[in-house]
Every structure is written in structure tokens, then in C-alpha cells.
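Open your viewer and get ready to select. We will take the stops one at a time.

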Amino acid sequence: MNLIINNLSKTYSNGVKALQNVSLDIPTGMFGLLGPNGAGKSTLMRTIATLQEADTGTVSLGNLDVLNEKHEIRKILGYLPQQFGLYPKISAEVLLNHLAVLKGITNVSERKEVVKALLHKTNLYEKRKQNLGGFSGGMKQRFGIAQALLTNPKLLIVDEPTAGLDPMERNRFYNLLSELGENTVVILSTHIVEDVKELCTNMAIINNGHVLLKGNPLDVIADIEGKVYQKTIHKNELENYKKDYTVIADKLFLGKPIINILSDNDPGHGFSAIPSGLEDVYFSQIFNNRG
Amino acid sequence: MWYEIFKFELKYRAKRLDTYIFFIFIFLFSIVAVDFIYQGVDLGLVKKNAPIIIARTMGALTGLTLMIASLIMGVPILRDFEYNMESLMFVNPIKKRDYLLGRFLGSFVVLLIVFTGLIWGNALGEFMPWRDPEELLPFNFMAYIQPFFTVVIPILFFGSALFFVSGALSRKLIVVYTQALFIFVLFMLTRNVENEFLSAILDPFSLNTLSTMTDLWSTPELNGQLIPFNGVLLYSKLFWIAIGMIILIIGYKRFNYNVVKSKSFKKKKQAIIETEIAPPDNEELPNFTVHQGFKSQCIQLLKHSLFYFKSILKEVSFWAIVICAMVIILINSISLGTVYGVDSFPATYFIVEELKEMSGYFFIIILVFYSGELIWKERGAKLSLIYDALPSTDFINLAGKFIGLILIYGVLMLSIIVSGVIFQSFNGYYQFELDLYFISFFGDFLPFLILYTFMSFFIHVMVNKKFVAYILVFTFFIGSVAMGLLGFNHGLYNFGGNKIGAYSSMNGFGHFLAPYLWIKAYWFVFCFILFIISAIFSVRGTETSLIKRWKQAKQRLSKPLKTYASVAILMFIALGSFIFYNTNILNTYWTKTQQLEFRIGYEQNLKQFEYVPQPKITSVNLIVELYPQTRDYTAEGYYILVNSTEASIQNIHVQKLIESDVKLEEVTFEGGATLDDQYLEYSYYQYALNQVLQPGDSIKMSFKQSFTTRGFENGGSNSHVVNNGTFFNNKDFPTLGYSNKYEIRDADDREDFGLAARKGMADRNDPIELKNAVNGDDGYNINFEMVIGTDIDQTAIAPGTLVKHWEDDNRSYFHYKMEQPMINFYSIVSARYEVMKDSWIAPNDSLKTPVDLEIYYHKGHEYNIDRMMSSMKLSFDYFSTNFSPYPYEQMRIMEFPRYAQFAQSFPTAVPFSEGIGFMLDIDDETDVDMAFYITAHELAHQWWGLQVVAANVQGRYMILETLSQYSALMVLRQKYSEAKVQQFLKGELKSYFVGKAKEEHEESTLALVEKEEYIYYRKGAVNMYALQDYIGEANVNLALKRFVKDWNAFDDNFNKERYATTIDLLAYFREVTPKHLQYLITDLFETNTHYDTKVANYSSTKLDNGSYKVDVEYTISKYKTDHKGKRLYGETQNDSLVYKTETMKTPLVSMFLTDYVDVVIFGKAKNDGDTSPPILYNQKHKITEIANTLSIIVDQEPTEVGVDPYCKLIDKNTADNRKSL
């Protein structure tokens, strides 16, 4: 059951074109949506999560029309928004339990078991009686995934789940996601390239509302294999290099600027070939798009 | 630095829509405020734009709009936390002082600007077209500016401090709103503070303060002077400002300038620290099923409702409201059907009515704010995206919040019921009638709240701006109240319909229940439709624009919702049609305008017949069949009419009661007559007799009248014919000729419609009205006979002897016949009664004919029937000895439901409302026995009204009511002490001044009194007491005895061509008054005379022989008032007395005096508990000067000196009539 997005466009009332003719075919498994801040990821996610209207285009999951059969979609949906809060004065167990009821697990004993299992799974069981007001960012995020996993969703949307998490929490979170069955469509949006590389079987890069690239992370890396060169430069040389080469990244290494460029053949001039990574793909796409 | 923050605050607010909405709301509300607040209040000659009225209006308005202050002042600090800005703010190098000060002052300035709406609105209100320029003083802008500074700003400052600090410390909006409630409770408390000064100081809105300040002001002063900012007003404002400062200082100290919530209010929060990281559990989720069926939806709804319910239960602020609402009944003075200061037993219906009234405010606060809080709950917690993506339906999401809130109302209601029961127990009353509590709260109040909650949800969803919606909800509340007040009160379009109506223990909710339920059902269906609209329009996801939601709504209208909505719309139409059929087709619905137009038409068409000579009724013989259960009756029989004029009569004008359910049929005249139906639309039947009725001849007029209840009416339906406790009088039967009771009375309305001003009452020499006696204007000296049939379990009562009683066809029949002629004024009463019987024999009756005394009362209302019976006996003793014999053979008191609050005297019968005597909880120590007194008063009418008939001219009510007051006072004195009589009179004097303040026209004298109760009841009682005190009870009674003898219209020898007037009465008084006191008759009855007596000083010295010499200095001034309340001292400049000492600012002026006044010296009470100290000296002294000194020797140590200490003379300031050491 694939999620098929077809020519989806959305323009906000302030004129921002958040999505422009976005078309994606998302199979089951983990799908990474990569893009810088403000690229339109969240808009796309919210639209798929039935929370926002699109101007044109269609989205379908199997034979369900996502944009028009919202209620049916919600029955099989798990959603973790980018930012969310929790009622401070109630406990994790109570709130999860309540959400489970609203998701339709109305049998008391079943619900109890599911909630218990999910709290274990997210390692919150020990803290289940604590008020949510005292939860740390990571715990909050894990609670978020716990509620998204209620009722074994067929479609799971997690919007920037690792933003603000420390590396340990991030790992714990990946472990949770990676367990999901093969037959769930999982869409993970992020601006962190590593996330996609580690988790996703498919991905798309999106910027300014456009899809720049879609495919398997390994394939897209293979596409630019041998085309990425690197050089340590002086600070004031950067502009010159930008004129002469396709600079896809400039960063600091031990306090000195390093630039990566894309080139079909060896540019010489002290550049050395490096193995390409997903990050390079990402930056090259963003760069191209910008150009 | 603080200035930057201050500027930022102003700029921020200037960009917010809320700020403007608040201003507009206050501005618009202010325009109608005076009319709204003084709706139905008589201001007398004080104009609606008098400074005092403006000041009070602004005070009250501030109280009513304090919520807005809380919305403005609660947020400035809170905002930073709400938007998670606190870290950014507090990390800046801003001092705590600058931050708080800047934010506070900024918001406060905005608040003041918003509240200037009070000035502009109120001032503009003066020029609104509905304000009558003649009722206004010249425009004076200062009268608006000044109270804004003196009354409004100080309390706004206090409120601002409170809201600001509570918002900053609690960081919760709902806590802020609750503070406004606290101020309200505080305000209620101050109304209960006995000490006038303290109450004036503590009143936050200055209502008590202003009335205390202007208590002794005269009308011209009230109209002419701005309220000075001194005295109690100044102290009160300083007090509140000081409290405000203290709150700010506390807030400043307590406010923790860091992001973690201050710990002063909470025990230390447990930080959750994870100690170890367990490896994630890799197990699959256990098996479960996702249910989507109806059953699971019900479970979801239930759980959802409970979830919100519990979330409010966890709020401290909610419990604060509950506690406030519970204690308010315990701390607030409750009016328990109070009659003359005597409370009733705390019967459940009294308690319920009071509880509902007092708690209304609390419920409305909960309704308005919690409905907003709930609608915004997920969004407030930033959880909305998670919730919105859940598969629960729109309907369940909204319905859960709705039901949760309704459950909250339930909790508050239960708490209030508990406090009501506690209150009853404290007062030693244990008949709790829990069913009545529940019906009244859950059957009447709850539906009202539910309907408005629907509306509030609807508004919140549609507007989707929290504060704007709050204002709109409040506006909606005010709007629907105002609509009712303006006469748009049809249940079909006035939101929510009317209230259930008064509860009577005799008649329960009676026939008012059915229309109430139908109309409520109609509105419930309407609101259900609204709710479905709300559900499909509710914001789900990130689309908030109404257009987007409109597009979504079509999609969201799911199949079941569509079905529900269609069914609801059909039901709505069906119910609406059914109600319309009942109220407007089966019955007639009149709007206020239609009523006015009808009355105008009546007057314009028929006034020509007002004095057309008509015959008089001399016999009434009717068979009345009452059907209380279906609320029907028929009356069949005849009148005998006699032509007592000197000309022959061709046309007989019959006026049927103008009421659509009354039909008049089969009207026939002996010898035949032809009906002229020209004015039938006014139920005015003109019959041309076939044979002219010659002077002295009589004719029989037969008719059949029926009253048929069809369906139900739109509230306010007939409360005379009811299931238990029917009571109506002969005015419901056909009357003869034009009936001026249908004329429009309101002078303004008459002017608007071009009708001539209506003269109050005719002059005392009006030849036509002198022969008229209203009560019996269609006849006099009638013979009366009536058979009444009623339900088997009811007793029906009419005047006269019960000749026969039988049962037939499961109905009970009563045949009454009056042996003596009586006035044409009789009542028909029927209810399920208990009866108390006794008899009385006139002390001077040699035949010893007993008069049967009977009290018919509702079971359970036995409390005061012994008092009433004793009053009947003592009254008959006193009246028959001192005035004239009682002509009839029975006297009955019948209780009737509390839809009306009066007792009324008919021949041999006094229908007595359930609400005024039967339920009084009389404490003989502290109260005046009002059950006894009212009984005596009504029995006195058997003489004053039913023997002496007063002509329908000015002064009529002095004969009827003032003499009855006097008679009842004398009977009261037969049983109770003089002190009780004086206690009663003190109340009467006070009521007189209250009534006088509301007088809009000239204040009449007693002799010319028209319909002013405060004169003929209140002043009448005081002045008659003075008269008998000065000339002696025996002399007054002698005068009255002569008066009755000459003017008893039912005496065989009565041969006067007219009825009695006060000219006649005062002549009898003059006859028995000694020469030196003749001035009293003029002062008490023919002019409005006031005294101002004051004990200036006194000292006592112990003499050698053990007695005491008391030196008293006192002043007395006397004046009369003209019709504008202006003091008159005499006809010309130099005929008054003037007295001035060096220390006096203004001189005392008085009319010339040759008056007598009581000087009393009191001794030491023997023991502490004794409230009446011994009287050492009590003499009347002749006074000729304003300032007087006296030396009196008394044999014990004096403690107090009084000049007119018992307030026998009309004196506004009675406090200085006595002086104690």
C-alpha cells in the first residue's frame, strides 16, 4: 500500500508557496523527507496528517483519498507533530490511556495492556505516574511516539522528531522507529542528513516547496560517487572559489574553512577526492536548486 | 528602562484587536447603562443625569465590566509564559522593578483609556432618542468626568493590582478571572455590613458609599450638586488604593524573576530524573481491537466528558468559586419573603429563589470562561495537532467538552443545594423538600445554562478569537435580557424562552410548567442544530479562516450528523409550529405595541360612553362551575339592574372581560333587547332595550360566561384560575359601561400617542365621582346568592352564609347566600383547604349571635393561624365596640397562591396571599406580629370600605387605608406593648421617606391622596398615631363612630346623595380636637409638614436630696414642603423664625411655632438585657421658639434625653432626637 502524492500545491494567505506541484510515491517502510528549515516539510506532513488543506493535487493511500476521507485516514494514522506540549498536571499513563480511548481502543483490559506495553517500549513505564509537566525533552518526545504508535498505524508521520534531542535520546528514538513493521508507511521529516542515512530506505529532498530529488539513499549517493572534492582554504578566498567552482559546502574544520565542490573530473589545485556522502547529495541539491 | 517596557506595552496593545473590542463594548454598554441599571427604579424627581445617578451608574458599570479589567490586567506577565517568552525576557538585563513597573503601568494606562468608554458612552447616552429631554437636567460634562476620577479610577487601580499580581504569580488566566468573583463576593458582603460607615468604606463600587453620603440631601441638591470627593467617599477610595498598593508590594516581593515557577504557591515540584536507561522492549504490542461502532463512540464520549470534567475539578480556581458560592448564602442577607422586616420560615422555595439569584453570577462566570478555556484547551497546551489527528469524530470532541462543563455545573449546583440545606438546618427548619431543590436547579436553572453554553460554544468556534468571543458571549447575555425588557418576550424568538415561573406550595409549578417544557424543548433542538454546526466548523488542524472551514464543513458533515441535523431541523419546525399554534392561534399573543394600540383604540372609541347613565346592579345570582384541573369555568345566572337615575335608559352597555379565553354568551334582557355589535372588538356589547327602562324600574339581565383554557400561552398566563388556589373577583364577570382600567396609564406613553393626560383622581367636589365608589360602581346594596361547584377535593368559597353543601357527579357544590345587602364586590375562591373554625360574639350583643370565624389554609401552613384567629377576635371586639356593629354572620380568611402578594377584604371574606402572612417566622421578641397586624388591617376594611363607602375622589384611600392602618394599630396595641407599636411605626416612617424619594410628581397631602401608598399607608399610620397620641384614642374613636353612623351606606337610614370624602372625615376629627391642638389637623392631613428636632445638649446634676436636675437644650424647626420638595417657611419673607449661633454655618429657619412636643427622660435599665429603660419623665411641652432650654428634676439618674423620641412627628433625621450621656 503506497502513499501517492500527486501534484500537491499549497500557497499560504501571506503568499508563501509552501508546496509546489509535489509528487511522491512513498512505499511502505521508512521514508525520509529531507530539507532545510522552511522547505515545506511540515506543510506536507500536516497535509498528509489531515490537518491542513491543499490548494490542488491529490494524496491517496491505497484506495483512500487522504484529502477527502480524513476520518478514514485518521483511523490508521499515527502522527507526531514537530512541536507539541502536554497537559502538565496529568500523568503519562492517564493521558496515553485517554488518547487510546479516542483512538478506539475502548475495551478496558485491552487498553490497559496496550498502554502498558507502549510505556515499556518507550521506557516510560517507571515514570508513568509522574505528571507530564516534569518530563524532559527526550521523555516528552518518547511519549509523543508512544501515542503515535497506539493502534499500530498503517501511516506514521513523524515531523522532525530528533530536533533538540541529545545523541543518546536520538539513538533510543531511532531504535523505536526501526522496529516498526515493514508494512507501515513511515514518513520522517528532518533536516539532519544522518537521520535519513541511518534509517530510511527511501528519501526525498525538498526545498522551497519543490521536490529536488527522490530515491534510495544509497543510489543517490552512488550518483555522485567520485565527484566530490575537498580543500582547506583561507577565509578570504571563499568568494573566489565560489565563482570558480560548484561549492556545495563550506564548513570549518579545526577552525579553518574547508570547502567541498562538485566536479565531474579532478579539478586539481590542491583539491582531493573524498568519498561522497548523503550530506553532499543534500547540499548539492540545495545548491543547484538555489542556483 | 521601565519607560521602554512601558512604551512597548502600549504599542503592543495598540496593535491588538482585543483592546478596541473592549473599548467598544464598554462604550456601547455605557450608552444604555443608565436605562439598564435604573430599569424599573423610580427616581422620583431626581433626574436620570443627576450627578448622583451618573456616579452610581459608573460605579455599578465598573462592577459589571470588571471582567474586562481582568482580561486586560491579567495578561501582561502571563503572556510571556504563555508564549514561552519568559526565558528571552528574563535573560535580558532588565531589572525586575522595571519589568513589572513597565508592564503594570503600560497595561493600566491602556485600561484607563479603554474605560474612558464609560465617560463617552454615558455622556452620549444622554442624547439618545429614547431619553426624554424633559426628564433631564442641562448637560454637564463635569458630572461624567468627575465620578470617573473619584469613583472609577480608584477601584480600577485596586482591581488592576489584584489581577496583575494574581496573573503574574499564578501564571493562569482562570485564576485571574476568579479574582473578579472575589471582588463581587466582597461587594455582596459589604451590603450586609450593619454599620453604615463601615459598609460605605468597604463598598468597592461605591454604591453604598454614595447613598450614605447623599442620604440627607434634598432633591434639588441631588439634581444640582456634584458629588464632593470628601468624607466617606474619600476614605473609601484611599482605603482601596492602599489595599491595591499592598497587593502590588506583595506581588513585587513574591514575583520570582526566573523561569521556573515560583515555589511559594506549590510544594516543591519533583523533577523527574531518569536513573538508568533500560534497553527498549522489543516485544510486539499485545492484541487489541479498534472499535468504531456506536457503542465505542458512547464510551469515547463518556470518557472524553469525564476527562474534561476532571480537568476542571483539578483547578483550584473552580473550588474557590464553589466555596464562594456556598458561603455567599450564609454571609449574605437573604430576603425570605420579608414583610415589614419579618422573615418567613426558610421554606425551600424561598431558599431556592434566593440561591438562584445569588449564584447566577457564579454560573455565568463559569459558563463564559470555562467554555472558552475548554474550547482552547488543546491549543493552549499545544496538544491540538495530536488531538486533531485522532480518529474520534468532531462531534465527540466538542460534545465531550460540553458535557464535561455541564457536569461541572452539576457539581456547583449540588454544593449550593448542600449549603441551602445547611442554611435551613441552622435556622431550625427541617422540611428540606429536596425534590424542589432538584427540580428548581436541575429542571429550571440547568436547562438555561445548557442553552447558553451551546451558544457560547457556537460563538467561540465561529469567532475563533478567545477574548473577542468572551465579549460577544457577554453581549449576547445582555442582549437577550434587554430584548425581554423591551417587550420582545415571545418564547419562539427570545433565546431560551422564559423562566419556569413562581413556585407556590399550594399550586406547585401549576400550569406554567407545560409551556415552559415545550419552549425549552424547542430551544434545545435549536441549540442542538447550533451544536452540529459548531462541531463541523470547529478548528481541526491548522486551517482557521472561516472560508476554509466553510469548505471543510461540507466534507465534515458526516452521514450520521446529516441525519441528526435533518431530524433536529424537522423537530425544530414541528415544535415551533406546535408552540405557535398554542400561543398565537389557540390563544392570542400580544406584543407590547399591539397591547398599547388596543388600549388606545379602546379609549378613543369608547371614552364617549364613560358617563353614559347606566342602571345599577341590585342583585347577583349565579351558578359557577369551576373545573380547576382543566382550568375552566362557567358562570350562569342573572343580575337585577335598577334604573336609579332620573332619566329613562334605552341602552345598556356590557363590558366583557377583555381576555381571549373568556366568552360571554346568551345575554338576555327581560322584554328583549337588540345587540349593537359596533364595538365588539373591544368586547363592548351595547344592547338597545325593546322597552325603555324607566327611572326606578328594574330589569333582569341573564348571561352565561365561560372561561376555557386552550393549549398554553406564552408565559404570563392567567394566574387566577389555577389547579389549586383559584381566586378571582366579580370584575371578571360582565360589568356595565366604559371601563377606564383599560386606559394607558403611563404618562409618557399617553403623550407619545397623543392622548390627553390622565387625571389621577377627581376633585373632592366632582359631582359624578362623588356618587361613584369603584368597588361597587356598578351597584350598591346588592343581594347576593351563588352556587359554586368545584372538584370533589376542593372547597369553594364566596361571601355569605353557606346555605347548603352537597356532592354530585363526583363534584362538590356550595350554595352561599348573603342575608344582608352588601357592596358589589365579591371573591370566588377554590382550593384544597384545611380549615380552622372558631366563633366570636359581640360583647355588646344581647342576642349573643355568634359570628363564625374560619381560616382556610394550605396543609402545612399552620404556623400563624392562631395569631390570625386571635387578631380576628380582638379586631371584632375593638371595632364593634368603638365604631359600629359587624353586620354579617361570618368572617373567613382564605389562603391563595403567592402569584400575588396581598390580602384583600371582601364582604365576609379576606383572601390572603400565601406569600405574606402564612409563612412568616415571627419572633415575638424581635419582630412585629405582621400576621396579626395584616389580619386586623383587612378586618378593619369591613368598616372602612364595606360600611363607609368612600367616594372615588382624592382622599379616598385615606378613608379606606389610613383609617384601616389606625384601626389595626389600635388592635395591635390590645395585644402587644407600646414598644412594638413604635417599632412598627419606625418602619412606616422609613418607608414613607423611601416612597417620598421616588415620588415623581407633587407629594399629595393625606386629605388629597390619590394612589400613593407611601402616603396613605405609611405616613397615614404615623400621623394617625400622632393624632390619637395628642388628642386621645377615645376622641379619635368618638369621631370615627360618628363618621360611621352618618356615612354607613348600608344603613337603612342612609339617605345621602353621595359617598364620603376626607372633607367629611376631617370635620369629625376637628369636632373632637381641643382648640389648642386644631393646628394638628391641618399639619397632619391637609399639608405636608416636617419637623427637625434635635437634642443639642443636656447635663444632669445630682441634688442633695438624691434626685437629679436635668438641663436640656434642644432645637425644633418646622417647615412645609411644596410640590417640588422645596422647603416653605411661610407665606412671606418675614414670618419665619431664624436661629443662629456663632458656631453654626447656616441658620436654622422655622415656621412660627405654637406646637407641642414630647420631652422624655430615660433612666438606667435595671439589668443589661432590658431593652426598654424606665421613663423618668414624659411630658408634652409647648414650643414657640427654635432653641429651647428646660430644667427638669427627676428622681433617678438619667441616661438619655429625647425630644419627640418616638418619632410621632415626621422627621427625616430621627437619630438626633435622642441623646445619651
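Is P51(B) buried or exposed? Select P51(B) and look around. A residue counts as buried if 20 or more other C-beta atoms lie within 10 Å of its own. P51(B) has 23 C-beta neighbours inside 10 Å, so P51(B) counts as buried. Keep in mind that this is a predicted model.

P51(B) sits in helix α4 of chain B, residues 51–64. Now show its contacts. Setting aside neighbours within four places in sequence, P51(B) touches A143(B), Q225(B), L226(B) and I227(B).

In sequence, P51(B) and Y1068(B) are 1017 residues apart. In space, C-alpha to C-alpha, the two are 47 Å apart.

Zoom out and colour the domains. Chain B is divided into domain 1 (2–260), domain 2 (294–586) and domain 3 (1088–1221). The C-alpha centres of domain 1 and domain 2 of chain B lie 29 Å apart. Their contact takes 18 residues from domain 1 and 20 residues from domain 2 of chain B.

Select α2 (17–31) and α11 (173–191) of chain B. Each supplies at least two residues of the side of domain 1 that touches domain 2. α11(B) gives the most to that side, with ten residues. By class, this side of domain 1 of chain B has 14 nonpolar, three polar and one charged residues.

Last stop: helix α37 of chain B, residues 1078–1086. Which residues of this helix are buried? Select L1080(B), D1083(B), L1084(B) and F1085(B). They cover an arc of only 160 degrees around the axis, so they lie on the same side of α37(B). These buried residues pack against α34 (1013–1031), α36 (1062–1072) and β19 (1089–1102) of chain B.

Note on methods:
Residues numbered from 1 in each chain as written. Chains lettered and ligands numbered in written order. Predicted model: local features only at pLDDT ≥ 70, side-chain atom pairs only at ≥ 80, totals over all residues. Buried ≥ 20, exposed ≤ 12 C-beta atoms within 10 Å, placed from the backbone. Helix = DSSP H or I, 4+ residues; strand = E, 2+ residues; numbered from the N terminus. Arc of directions from axis to C-beta. Contact = placed C-beta atoms within 7 Å. Domains from an automatic or database assignment. Nonpolar A, V, L, I, M, F, W, Y, C, P; charged D, E, K, R; others polar.
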